[in-house]
Amino acid sequence: PASAPPPPQPASLTARLARALLGDGASAEAGGREHPVLRMLGYYSPESRAIEAAHCWLGNATEHATSPGFLAMLSLPAFPELRRVGEVVEGEGEKGGVDPAEVFFPRFQLVAVHVFVAWRVLRPRGEQGRRVAQALSDVFWTETSTAMSQDLGMGLMQASKSLKLCEEAFYGALVAWDEALKQAEPVQALAEAAKRNIVVVQGDAMRSKALARFMWDEIKRLEKLPDDLLLRGKVWGPGKRRARR
């Protein structure tokens with residue numbers, strides 16, 4: 001049997017030092033006295049807080065977007081496990097690896113829906129909200145690229161091509177969603193945009209409407225949250241960083 005994966009690791013040396021000094025529950029937003037070494041290293045700076053919040057937002061988004069409850073709301077089955085390129089599964093023969101269009105891309109798009117919702121509610125929250133939104137963008141694309149190379153085992157050229165497709169799809173959808181929210185009937189407009197841009201609901205009126213209703217309801221719900229929660233990204237779940245293979 002395969003050994004258990006290692007626990008998720010903080011993204012930076014400073015974050016790892018914080019865990020060592022403050023314990024596993026350490027966070028830039030934690031109450032109490034600031035540790036002088038961490039303060040010297042900038043751990044409590046607005047930029048550091050934004051990066052940590054961005055990781056939490058993305059962890060939340062990924063966990064929620066692939067959860068059984070969210071997929072059931074869209075009448076979708078659970079996603080199959082991602083396989084590395086060229087991976088052979090016992091009893092199934094050679095599969096030729098993972099097709100991003102069939103497995104990775106739909107997962108990516110549903111996470112992207114959550115990232116868009118996060119952007120919509122973060123950007124109006126002042127300078128720190130804009131910092132977190134920008135950090136979330138950076139972390140989102142870094143993690144997407146990392147997933148292609150480490151989780152799927154794609155080569156450089158294949159990963160670069162797939163990443164470009166993801167970027168084109170995401171920014172095209174983002175423009176459509178932003179425009180939809182300006183309409184007199186935003187939920188209907190979001191549904192139409194989803195039906196055109198999100199592969200798992202493409203051409204399906206019921207699933208598109210369910211996704212649009214989720215987006216609208218979440219934007220309205222999150223807009224009511226205080227900065228203390230919103231700017232830390234603790235909105236959909238624990239948001240732990242996922243362990244790599």
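Predicted model: local features only at pLDDT ≥ 70, side-chain atom pairs only at ≥ 80, totals over all residues.
**Entry 1: overall layout**

I began with the secondary structure. The protein chain has 10 helices and 2 strands. I then read their order along the sequence and wrote down α-α-α-α-β-β-α-α-α-α-α-α. I looked up burial next: of the 245 residues in the protein chain, 44% are buried. For contacts with a separation of 6 or more, I noted that 65% are between residues 24 or more positions apart.

**Entry 2: helices α3 and α5**

I picked the pair formed by helix α3, residues 46-65, and helix α5, residues 104-122. Their axes come within 8 Å and cross at roughly 135 degrees.

I then listed the residues that make the contact. From α3 they are Trp57, Leu58, Ala61, Thr62, His64 and Ala65. From α5 they are Leu110, Val111, His114, Val115, Ala118, Val121 and Leu122. Sorted by class, the contact of α3 with α5 has 10 nonpolar and 3 polar residues, and no charged ones.

**Entry 3: aromatic pairs**

I turned to the rings and found 11 aromatic pairs in the structure. One of these is Phe108 with Phe140, whose ring centres are 5.5 Å apart. Phe108 belongs to helix α5 and Phe140 to helix α6, residues 126-151. The two are 32 residues apart, so I noted that the pair links distant parts of the chain.

Are Phe108 and Phe140 buried or exposed? Phe108 has 5% relative accessibility and therefore counts as buried. Phe140 has a relative accessible area of 2% and is buried as well. The cut-off I applied is under 20%.

Phe140 also pairs with Trp141. Here the ring centres are 4.9 Å apart and the planes are at 55 degrees, so I wrote this pair down as tilted. Trp141, like Phe140, is buried.

**Entry 4: the aromatic cluster**

Which residues form one aromatic cluster? I listed Phe105, Phe108, Trp119, Phe140, Trp141, Phe170 and Tyr171.

Methods. Residues numbered from 1 in each chain as written. Heavy atoms only, no water. Axes fitted to C-alpha atoms, helices over the stretch in contact; angles between N-to-C directions. Helix = DSSP H or I, 4+ residues; strand = E, 2+ residues; numbered from the N terminus. Contact = heavy atoms within 4.5 Å. Nonpolar A, V, L, I, M, F, W, Y, C, P; charged D, E, K, R; others polar. Phe/Tyr/Trp six-rings, centres within 6.5 Å; stacked < 30°, edge-to-face > 60°. Buried < 20%, exposed > 50% of the residue type's maximum accessible area, 1.4 Å probe, protein only.
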